[in-house]
Amino acid sequence: MRFVAFFALAALLTAHAWLYLPFVVDDALISMRYAERLVAGHGLTWTDGERVEGYSNLLWVLLLAGWRALGGDLVLGGRVLGLLCSLLALAAVVTWPVRPSAERPVAHWLPGAFVAASGPIAVWSVGGLEQSLLIALLVWALWLLARPARGPRDEWAAGALLGLLCWTRPDGPSFAVASAAAVGWAAWRQGGRGRVRDSVLRVLLPPALLVATQLAFRRLYYHDWLPNTAYVKIGLTLERVEVGLVYVGYGLVFMLPLLLLAGAAAWACWRRNERRDVTALVLASLFTWCAYVVAVGGDVLPAWRQLVPVAPLGALLVANGRACWEAPRSREAWLATQLVALLAFLPLQLLDPQNRGAAKQDREWDAKRIAAPLVRAFAADPPLIAVDAAGSLPFWTGFPSLDMLGLADRFIARHRPKDFGKGIRGHELGNGRYVLGRQPDIVSFGAPPGSLVGVFRGGIELQSQPEFLRDYVPVLLRARVDPPLIAPLWFRFDSPRVGVASIEGGGALPAYLLQDEFHRVGAGMPVALTEWSDADQALVLRMAPGSTVLRRGLSLRPGAWEAEPSLAGAPVASGLVVEVAEASGAPLSGGPPPLRFSVPGGGGITLRLSVRGDTDVVLSEVVLTQRGQ
């Protein structure tokens with residue numbers, strides 16, 4: 001009957017997770033980028049150059065890499081592996097090793113129903129991160145330690161699973177310590193220091209060995225004792241604790257029916273001295289994890305990511321409580337109480353704004369659409385792209401990248417400001433001067449699809465630099481779809497990859513470097529309005545009737561010149577007027593293209609294009625050719 005219950009609940013959990021598609025989180029794309037580069041032969045790296053451990057889920061990255069090596073799509077792989085791990089955790093709850101006499105079959109599926117109905121578990125089954133793997137390893141380790149006839153083999157196996165959990169997350173050792181403490185306490189109650197020593201050793205030795213192995217690898221490969229993420233996220237301050245208390249308290253409110261039921265089961269087992277050791281084992285993990293989440297300040301990702309273990313641990317306490325009600329009347333009352341709690345739990349999960357927000361989050365898919373024209377335009381000579389969101393654009397483009405929040409950048413991670421630990425976890429770091437010194441070709445502020453102005457510390461500092469406003473062109477990439485998608489980016493004008501390294505002797509000026517005279521950003525700087533066509537993913541500039549675009553400060557050699565706007569090498573349609581003026585504003589020449597003009601010695605010129613006709617004009621570049629001295 002347990003198998004019937006499992007398959008029914010597995011179908012329910014799968015359908016529940018389906019509700020949150022196409023959700024995938026930006027942080028998951030960071031892990032997938034590491035997996036992609038590992039399979040491609042670039043090692044466990046996020047970008048070219050210095051190796052930085054910007055992931056915090058080694059085992060998950062390796063599993064994704066295995067999936068990719070078999071030819072699978074990484075996003076699909078994250079979903080498939082996540083759902084499989086959630087189903088494994090569900091199987092452990094349904095088959096929890098407690099067998100009271102004369103129990104009804106419904107007793108097998110009611111605790112598992114809380115797992116299938118849990119919004120955080122459903123969301124993170126498809127979200128692409130390692131939470132499902134974490135709960136699968138944890139619950140099965142506890143399953144082995146909760147067996148009534150537990151032996152040394154069970155303890156070794158549980159220790160191995162807890163060791164793999166330590167590779168799944170750097171905070172995994174907290175579960176290993178909590179489990180070992182509970183097992184040691186149970187062994188002490190049953191007699192003998194030697195038994196305590198042996199049980200604790202069997203549970204703790206595998207995690208210790210695996211942690212030591214990873215530590216040695218980290219030191220040899222990344223030249224550090226801590227993952228880069230620890231420098232970015234861990235700030236033990238009172239402000240973090242206050243935020244963590246709010247996070248845990250608010251998150252547990254939506255799990256209150258399950259927690260009350262679990263508390264009642266734990267109290268009954270403790271009062272009746274029925275499977276008290278198992279109750280302590282589960283409670284040790286639950287309380288240790290909640291205390292840890294409070295200490296680190298909760299989380300910024302949706303659907304209570306850091307509270308995913310709460311539901312399965314609560315369900316284990318409920319399953320364990322079956323041993324406390326043998327009499328028919330009390331057993332019936334317990335089953336009825338579980339049904340009432342489940343009916344109250346399910347709507348809370350569906351109405352939880354954190355879970356509902358995940359279902360509406362599709363910005364990572366917007367980033368994929370933005371990446372397509374960038375790859376088409378620049379894949380031959382990939383540019384360096386600086387981002388706040390270290391997953392989306394770096395993963396979808398595959399370009400060399402610079403993480404302005406420091407998660408995958410050693411310098412930024414190790415230069416923490418004095419007020420570190422008082423801001424948004426994982427979003428406090430930044431160094432505008434350092435980023436400017438790296439001379440990225442493209443800069444993207446904020447979360448996809450991006451922002452024209454700096455959002456976090458590094459972006460704000462970067463945009464305050466006069467050199468940045470001088471050397472970078474703000475560009476709005478637009479897709480002509482419904483609803484429209486607009487992606488603000490900054491392109492370095494003198495970049496040999498996305499700009500014009502030198503145009504003194506002539507060359508092609510990309511149309512996306514021309515700026516609309518009437519749309520301004522930052523310190524009064526005009527912004528370019530560039531779009532791409534979904535048909536061919538080409539970057540083009542569409543000018544409406546009456547619009548004007550320009551480029552100031554073009555440095556051309558003295559002599560005779562010709563300006564020819566074009567679309568993929570072909571002349572543009574009529575209706576376009578080209579004007580050239582000196583830096584002082586004095587006109588040099590004007591008329592329909594191709595425009596011939598003369599450049600006097602010294603100073604830059606201003607190139608202006610206007611649409612005088614009644615139809616749109618589309619162009620990809622302006623070719624400047626010197627015709628003589």
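A salt bridge is a side-chain nitrogen of Lys or Arg within 4 Å of a carboxyl oxygen of Asp or Glu. Arg 414 and Asp 224 meet in such a contact through their side chains, at 2.0 Å from N to O. This is a predicted model, in which local features need pLDDT of at least 70 and side-chain atom pairs count only at pLDDT 80 or more, while totals for chains, interfaces and linings use all residues. Residues are numbered from 1 along each chain as its sequence is written, and side-chain values use heavy atoms, with hydrogens and water left out.

**Confidence**
- The average pLDDT (the predictor's confidence in each residue, from 0 to 100) is 89 for the protein, and 92% of the residues score at least 70.
- Confidence is highest in H3, at 98, and lowest in strand S8 (residues 520–521), at a mean of 58.
- Helices (H or I, at least four residues) and strands (E, at least two) are DSSP runs, numbered from the N terminus.

**Salt bridges**
- The whole structure contains 29 salt bridges.
- Glu 36 and Arg 68 form one of 3.1 Å, N to O; this pair links helix H2 (residues 26–39) to helix H3 (residues 58–69) across 32 residues.
- Glu 36 has a relative accessible area of 29% and Arg 68 one of 27%; both values count as partly exposed, the class between buried (under 20%) and exposed (over 50%), with a 1.4 Å probe and protein chains only.
- Asp 494 and Arg 492 meet at 3.0 Å, N to O; Asp 494 is partly exposed at 36% relative accessible area, whereas Arg 492 is buried at 9%.
- Shared partners join Asp 381, Asp 441, Arg 492, Asp 494 and Arg 497 into one salt-bridge network.

**Aromatic pairs**
- The search finds 25 aromatic pairs, defined for rings of Phe, Tyr and Trp (its six-membered ring) with centres within 6.5 Å; planes under 30 degrees apart are stacked, over 60 edge-to-face and the rest tilted.
- Phe 411 and Tyr 434 are stacked, at 4.3 Å centre to centre and 15 degrees between the planes; Phe 411 lies in helix H20 and Tyr 434 in helix H21, so the pair ties together parts 23 residues apart in sequence.
- Phe 411 is partly exposed, with a relative accessible area of 32%, and Tyr 434 is buried, at 18%.
- Ring pairs also link Tyr 34, Tyr 55, Phe 217, Tyr 221 and Tyr 222 into a cluster.
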